[in-house]
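Subject: Structure handover

Hello,

Here is the structure you asked about, followed by notes on what was found in it. Please read the notes with the structure open.

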Amino acid sequence: MKNFVTPGRVCSSFVIFPTWAIADAAEPWQLSFQDPATPIMQGLIDLHHDIFFFMVFILLFVCWMLFRTVYHFSYDKNPIPQKIIHGTTIEIAWTITPSIILMFIAIPSFALLYSMDELTDPSITIKAIGHQWYWTYEYSDYSSSDDQSIVYDSYMIPEDDLDLGQLRLLEVDNRVVLPINTHIRVIITSADVLHSWAIPSLGVKCDAVPGRLNQISVFLKREGVFYGQCSELCGANHGFMPIVVEGVSLENYIDWVSNKLKEI
Amino acid sequence: MGNSVSHAEAVEEEVVVSEEVVEAAPAEAEPEPVEEEAEEEIEIKIGTAKFDPRFPTTNQAKHCYTRYNEFHKCEAEAGADCEKFGKAYRSICPQEWVLKWNEQREEGTWAGKY
């Protein structure tokens, strides 16, 4: 058993069990959440775990009651059942207890819901515009005239053009570049039909509605490449308009913006 | 959650970086022609339209429309120093909307007052 954990074995285990690495994209047979990159997603996961505790507790309790009922109240063991039709104490207990449990679920749920709506004074605004079947992104904070914004389309890379290691049906030609540790306002709209801009790692899913500008806030806690997909049925190529967000440091973001501005 | 403000505000203040500083490294690696360096004078200032308590809802369409009108009101009445309104509506409004509205203004079919 000498040197059981060698660097080579650790590396190969990452190949065999890729879930050990940080998961920012969907995986085959995935059962749990992707790794959170924003406080909102962390909150969603925590809420899920909180509620799951109550779910397991209730499931076990109900199963135990059912089992006891079926076991004890059979014809053989108990030919004459008791004819109790009223019990004030137990009725109070089985009314109060579930309402307390519901409160324990509702309070953190509402706290999370309202914090998701909150828009902390943003430093950056980007716009995501859904089209059939691609996304257009606009960075207009740095322009001084109406047609000088950074605007680009983001198309899926077809399967034949993928490089080794790129994700099928998830990779795009132009990613959304966003800085970490910065409050970002994302304005989501559509130019044709309903779309939905969704990235599981960021805890974001927001419908893109023509004529409406939906606003959400994003605060990235770490660098990474976050994959998402259009999540509102929008036509034939609905499954082929993914979303890729690249979280970078603020300096790199400024570099990227200045390079983009030079291209205009 | 969304209330952790302090960090980002600190970032926002630090961020006013002139592009010359940021671009120093690539410029050293590859000397660029003089015209391009003149272009790099644009200063990248991280900042956007502030949260507006008039528009606290998720739907910001009216925010965009109002900011666009405010800019043209400013241009019509004050005639100068309207760039902050301009920056605000450009941050919020999709380019497609603005270009369409500009076209309507040129044609004289714009519904707004200004």
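Some ground rules before the rest. This is a predicted model, in which local features need pLDDT of at least 70 and side-chain atom pairs count only at pLDDT 80 or more, while totals for chains, interfaces and linings use all residues. Residues are numbered from 1 along each chain as its sequence is written, chains are lettered from A and ligands numbered from 1 in the order in which they are written, and side-chain values use heavy atoms, with hydrogens and water left out.

Chain B

Chain B has 7 helices and 0 strands. Helices (H or I, at least four residues) and strands (E, at least two) are DSSP runs, numbered from the N terminus. Of the 114 residues in chain B, 38% are buried; buried means under 20% relative accessible area, exposed over 50%, and partly exposed in between (1.4 Å probe, protein chains only).

Helix 5 (residues 61-77) and helix 7 (residues 95-107) of chain B pack at about 45°, with their axes 12 Å apart. Axes are lines fitted to C-alpha atoms, for helices over the stretch in contact, and angles run from 0 to 180 degrees between N-to-C directions. The two helices of chain B are therefore oblique to each other (under 35 degrees is roughly parallel, over 145 roughly antiparallel, 65 to 115 roughly perpendicular, and the rest oblique). From helix 5 of chain B, A61(B), C64(B), Y65(B), Y68(B) and H72(B) meet W97(B), V98(B), W101(B), N102(B) and R105(B) of helix 7 of chain B; contact means heavy atoms within 4.5 Å. The residues of this contact divide into 7 nonpolar, 2 polar and 1 charged. Ala, Val, Leu, Ile, Met, Phe, Trp, Tyr, Cys and Pro count as nonpolar, Asp, Glu, Lys and Arg as charged, and the others, Gly among them, as polar.

Helix 7 of chain B also holds Q95(B), which is buried at a relative accessible area of 16%. Beyond its neighbours within four places in sequence, Q95(B) is in contact with E138(A), D146(A), D147(A), Q148(A), S149(A) and V151(A).

Chain A

One open sheet of chain A has 5 strands in the order 3-2-1-5-8, with mixed pairing. Strands pair if DSSP finds at least two bridges between them. Strand 3 (150-154) and strand 8 of chain A stand at the edges with a single partner strand each, so one side of each has no neighbour in the sheet. The twist averages 25° from one strand to the next.

Within this sheet, strand 1 (residues 124-131) and strand 5 of chain A run parallel, joined by 7 bridges, and T125(A) stands opposite R185(A). Strand 5 (residues 183-190) of chain A pairs with strand 8 of chain A in the antiparallel sense over 6 bridges; here I188(A) stands opposite N214(A). In strand 8 (residues 214-219) of chain A, 5 of the 6 residues are buried, so this strand is largely enclosed by the rest of the structure.

A further open sheet of chain A has 5 strands in the order 4-10-9-6-7, again with mixed pairing.

Regards
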